[in-house]
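Q: Please take a close look at one part of this structure with me. I would like a single connected walk through it.

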Amino acid sequence: MSAARVLGIDSGGSGLRVALARADDLAGTATAASRTPVRTSAAGIDAADMMEQLLPMVRSLLSDAGAPVDAVAVGAAGMATLGDDLRAELPGAMKRELGIGRIALAGDAVTAYAGALGQRPGAVVAAGTGMIALGSDLTAWRRADGWGHLLGDSGGGAWIGRAGLDAALRAFDGRRGGSAPLLALAEDRFGPAGDLPGRIYPRTDRPAALASFAPDVARCAAEGDPVAAEVLRQAARHIAEAAAAVCPADGGDVALTGGLFKTGEPLLAPLRAELAEQLPGATVVSAAGDPLHGSLVIAAALATDDLRLPCDGRLLAVA
């Protein structure tokens, strides 16, 4: 009997990605992608729009594979709070259009966790523009932050960028706590400092605009600017606090995943120090894979009746 085939789907602000693999060989994947994010409205993530984008990509992958799919896992940003339409409509649509009867619907933090740690206890910090920590002892999930750039995401890319721009404008004003190097980089990226509010506030992608300045903060810190270095130390403290809030009581592995950690040692060095202080019993490990890989991990576990991650109806639901 041939091995089960599974689909993994990752939906986020940068678009939609799909992967097809054998349940016993997740490394051998075929992929497709769309750069158009799935629509979101007051009713939540639009299931019809997701299916409209998914169907041609999935059918193309299946025609090349020549075999049916046993299970699919969909990871979507905002699933916990904006996923009602997906949970109501997607299972039926998948069954009707693709003949797939086993489907898992997960938040992107869950697929990040599964991609990084698989199905073992621990904690994952996913940090890019935003920041969220998710931990589990395999009986329940614990979440910290992920509340968006206005209410939280402390230590994430938008948080670092905003703090860096604050320091730049302090230098522009002549206030304490300013950084002339950050001011110079801010003007290189956004134009004259006095025009910053008009360039940032009206943008519909304001979090991404703020996060675009995070690499400049890291560059300044690497070049010895004490104000930029302090911004990254504070970011590291926030990230470690979120990890400590969700890590199982008896410790476990802590994985870091997401584009923010590509900023390198200016952030990673203080973060390692903070994690050692706040989570002395934990082991920091490299993430095994990304959220798309995590969706395949969940789909493979579903196809083989081996799903050990906790289902709670919102962060991870199985139909």
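Which residue in β9 does V125 stand opposite?

A: V125 stands opposite A133 in β9. Keep in mind that this is a predicted model. Now widen the view from that pair. Strand β8 covers residues 122–127, and strand β9 covers residues 131–136. The two run antiparallel, and six bridges join them.

Next, the whole sheet. β8 and β9 belong to an open sheet of five strands. Read across it and the order is β10-β9-β8-β11-β12. The pairing is mixed. At the edges stand β10 (141–145) and β12 (282–286). Each has a single partner strand, so one side of each is left without a neighbour in the sheet. Neighbouring strands here are turned against each other by 20° on average, direction ignored.

α10 lies across β8, β9, β10 and β11 (252–257). Against β9, α10 runs at about 25°.

α10 also packs with another helix. α10 spans residues 226–246, and α5 spans residues 157–173. Their axes are 10 Å apart, and the packing angle is about 150°. Angles over 145 degrees count as roughly antiparallel, and α5 and α10 are therefore roughly antiparallel to each other. Their crossing is right-handed.

Finally, look at the residues that meet. From α5 come W159, I160, A163 and A167. From α10 come V227, V231, L232, Q234, A235 and H238. Sorted by type, the residues of this contact are eight nonpolar, two polar and no charged.

Note on methods
Residues are numbered from 1 along each chain as its sequence is written. This is a predicted model: local features need pLDDT of at least 70, side-chain atom pairs count only at pLDDT 80 or more; totals for chains, interfaces and linings use all residues. Side-chain values use heavy atoms; hydrogens and water are left out. Axes are lines fitted to C-alpha atoms, for helices over the stretch in contact, and angles run from 0 to 180 degrees between N-to-C directions. Helices (H or I, at least four residues) and strands (E, at least two) are DSSP runs, numbered from the N terminus. Angles under 35 degrees count as roughly parallel, over 145 as roughly antiparallel, 65 to 115 as roughly perpendicular and the rest as oblique. A crossing is left-handed if the near helix is turned anticlockwise from the far one by less than a right angle, and right-handed if clockwise. Contact means heavy atoms within 4.5 Å. Ala, Val, Leu, Ile, Met, Phe, Trp, Tyr, Cys and Pro count as nonpolar, Asp, Glu, Lys and Arg as charged, and the others, Gly among them, as polar. Two strands pair if DSSP finds at least two bridges between them.
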